[in-house]
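Me: I want to learn how to read the features of a protein model. Please take me through this one.

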Amino acid sequence: MSTRSPGSSRSSGSSVKHRVRRLRAALGDFAVRNVINLGAVVSACVLLAADGTTIRAVGALAGLAALVGILARRWSDFYPRPKAGLLGYFVSVRLLLVVAVGGLFLHRRPDAGALEVAAAWTGLAVLLLLVMAEPLVKTLLGTTKVIVRHLPGVKPVPKAPLSAGWIAAGNVLAVLVAALLAALGAPGWTLLLPALATVPPTLLTTVHALRATEASKRIERDTPAALRAYAPAFVVYYATVQGARYQLGMWLPYLERLGKPYVVITRNPATVAEIARLTKAPILVPRTDKKMSDHLDSMVVPSMKAAFYVQGSAANATFQRYQMTHVWLNHGDSDKQANYHPRHATYDKLFVSGQQGVDRYAAHGIEVPPGRFAIVGRPQIESIMVADEPLPAGTPRTILYAPTWKGGRPSTNYSSLPNGLTMIKAVLERGSTVVFRPHPLSYNDRTDAARIAAIHELLAADRTASGRQHVWGAPAEKEWDIPACFNHSDALITDVSSVASDFLASGKPFAMCAVQNGGEEFLAEFPTARVAYVIEPDLSTLDSALDHLHGDDPLAERRRAYRTYCLGENIGPSAADGFLRVAGDLVA
C-alpha cells in the first residue's frame, strides 16, 4: 500500500509542472538567443559580400531584427534606467552588427573617397573597441571590494559617476544611430559621432573602478579598528538581494529603539543603497570571494552580543558560527512555509508574536526546544487602530486589497493576483471604495506587473466615473505604510501572508483567498483562514465573502479570541513593549 499522502501527490504534480514550465522557458530562451545570433551573422555576411539591392535589404532587415531582439529581450533593463547587468550583454552579436553597419555604409556610398571611408571605419573601430571593452570594465567593477557606509573613521568608496548600464545602453544606441546614418547614405565622418559620444561613460566608469579598488584596500585596513571604537552592541545580518526595503524596513525602527549602537552586514553590494535609505547605522559588505570568511572575522568585535536575522537565506549560516546570540525575527507572521522552516531550529532564539508561532513548528514536525522561543508580540501593529465595533448596516465601505507575491517556487505561490481584477470589479459593483496595495516583489514579474497595471487602470476609470476616491500606486504603497492602509479601510481581502495576521489587530473583518487548494483542506493547512471569510480558488464564494465584509460579521467574536493567540497580549500603542524588553535584555 502506498504511504504517500494526497499532499505529497499534489506537490509531486506541481513539481513536474514546474519542471515542464522551466524546460519550455529554457527552450524559448534558447530559440530567441539563436534567432538574434543568426540575424547578426546573416546581416554581417550579406552586407559585406552580397550584391543586389534585394539581398542587401534582407541583410539590413536581419541586422535590424537582431538589434530589436536585443532590446526586446531585456527592455526592462534598458528602460527607464539602464541596469548594470546590461554590461557585457550580447557582445559578439553587437560586434557583428557594427561590422554589418560598415558593409551597409560601403553599399550606400560606393563612390566615397579614401578619407571618407577611413573616417567611417575609424568610428566603427572605436565602437568595436568600446563593445569589446565591456567585459573588462565589468570585471574591474566586479573586483571584490569592501564597502562600508556610515562607519565613523572610515571614508567610503567614492560614488560611481553613473550606472554601468549606461555604457551598454549607450553602445547599443550608438550602433542604432550608426546604422541609421549608413542607411541614409550620410558622409563617412558622421559615423565617428555616435562612437565618440559613447567614449566618456566608459572612461569615467573605468577610472572610478580603479579608484574604488584602491579605496577598498584602505577600507579593509581601517575597518577593524573603527569597529572596535564604535563598539556595536548587535548586528543585523542580511544575506539576500531582493526585499530589503520591506524586510529590514519592518524591523530597523524597533531595533533602533533599543538605544544601542549597531551595524548592518549585508552580503550583497546591490542592497547597500536601499539599506542606506532605511538607516544611518554603519553598513558593511564583506568580500565575496574565497577570503570572505577571513574578512567577516574582522567585522566581528567583542562588543557584539547578538545578531538578528529577518530573512531565511541559507547563507545566514555563514554568520551563525560566531559566538553571540543569534535571533530569528523573520519579516512577518503568517501560515506560510517561511514561518516554520527546519533551518530556524539552528538559531539560539526564535522571536514569535504569539503562542501560534510556537505551535506552528510543532504542527509541522519541526522540533525546537521550548527555551529557544520568546513570545514578544508584534511591534509592527502598534499604530493599527482597533475598531472592534461593527459599522452600521448600509454604511459605505472602503475595502483594502493586499495580495501577496507568487513566491520563489510554485509550491509557495499563494498570490491571488490572477483573480485580482475580477474581485476588484465585484467590490466596485457594491459601491465600495478600494485601497490597492500589491506586494512590492510582484512588480518584478512581468505578468503580475501587467495585472497590477490593469487594476490601476480600472480604479482610475471608476474614480473618474463615480467620484469614489480609490487609493493605489505611490499613495498606497509608499506614502502609506501597511498600518495606514489598515486604518483607512473597513475590511480586507488578502492571501496567505502576514497582512492577514497583522490585520487581526484592527478587529475588522477580512477575507483570505485560497489559491492552491480550498475547502477544509485550506482551513487545515492555514489556521488563520478559520477566522476569515474564504474566497475559494474558483471564486464561487466571492459573493458570500463580500456580503460578510459589507454587512453581518458572524466571525467577529472568534476573530478577537484568535487575535491574542496569534499576536500576543498587547495591541495598539503597547504592542512593541515585549519585543523591546526581551531584545533589550539580549543586547545589554
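Predicted model: local features only at pLDDT ≥ 70, side-chain atom pairs only at ≥ 80, totals over all residues.

Me: How many helices and strands are in the protein chain?

Reply: Helices (H or I, at least four residues) and strands (E, at least two) are DSSP runs, numbered from the N terminus. The protein chain has 23 helices and 13 strands. Its C-alpha atoms fill a box of roughly 90 × 65 × 60 Å along the principal axes.

Me: What share of the residues is buried?

Reply: Buried means under 20% relative accessible area, exposed over 50%, partly exposed in between, with a 1.4 Å probe and protein chains only. Buried residues make up 49% of the 588 residues. Contact means heavy atoms within 4.5 Å. Take the contacts between residues at least 6 apart in sequence: 68% of them join residues at least 24 apart.

Me: What is the strand order in the open sheet of five strands?

Reply: Two strands pair if DSSP finds at least two bridges between them. The order is 10-9-11-12-13, with parallel pairing. Strand 10 and strand 13 (533–535) each have a single partner strand, so one side of each lacks a neighbour in the sheet. The twist averages 20° from one strand to the next. Axes are lines fitted to C-alpha atoms, for helices over the stretch in contact; angles run from 0 to 180 degrees between N-to-C directions.

Me: Which helices pack on that sheet?

Reply: Helix 15 touches strand 9, strand 10, strand 11, strand 12 and strand 13, and its direction makes about 175° with that of strand 9. Helix 21 (residues 542–550) touches strand 9, strand 11, strand 12 and strand 13, at about 150° to the direction of strand 13.

Me: How many bridges join strand 9 to strand 10?

Reply: Four bridges join strand 9 (residues 398–402) to strand 10, and the two run parallel. Thr 398 stands opposite Thr 433 in strand 10. From strand 9 the chain crosses through helix 15 (residues 417–429) to strand 10, in a right-handed β-α-β crossover. Right-handed means that, with the strands pointing away from the viewer, the path from the first strand over the helix to the second runs clockwise.

Me: Are the two faces of strand 10 covered or open?

Reply: In a regular strand the side chains alternate between the two faces of the sheet. Both faces of strand 10 (residues 433–436) are covered. Thr 433 and Val 435 are buried on one side, Val 434 and Phe 436 on the other.

Me: What is the strand order in the open sheet of eight strands?

Reply: The order is 1-4-3-2-5-6-7-8, with mixed pairing. Strand 1 (147–149) and strand 8 (373–375) stand at the edges, each with a single partner strand, so one side of each has no neighbour in the sheet. The twist averages 25° from one strand to the next.

Me: Which residues of helix 22 are buried?

Reply: An α-helix has 3.6 residues a turn, so residues three or four places apart point the same way. In helix 22 (residues 556–567), Ala 556, Arg 559, Tyr 562, Arg 563, Cys 566 and Leu 567 are buried. Seen down the axis, they fall within an arc of 125°, so they line one face of the helix. That arc is taken from the directions from the helix axis to the C-beta atoms. The face turned away carries the exposed residues Glu 557, Arg 558 and Ala 561. The cover over the buried residues includes helix 14 (355–363), helix 19 (498–503), strand 12 and strand 13.

Methods: Residues numbered from 1 in each chain as written. Heavy atoms only, no water.
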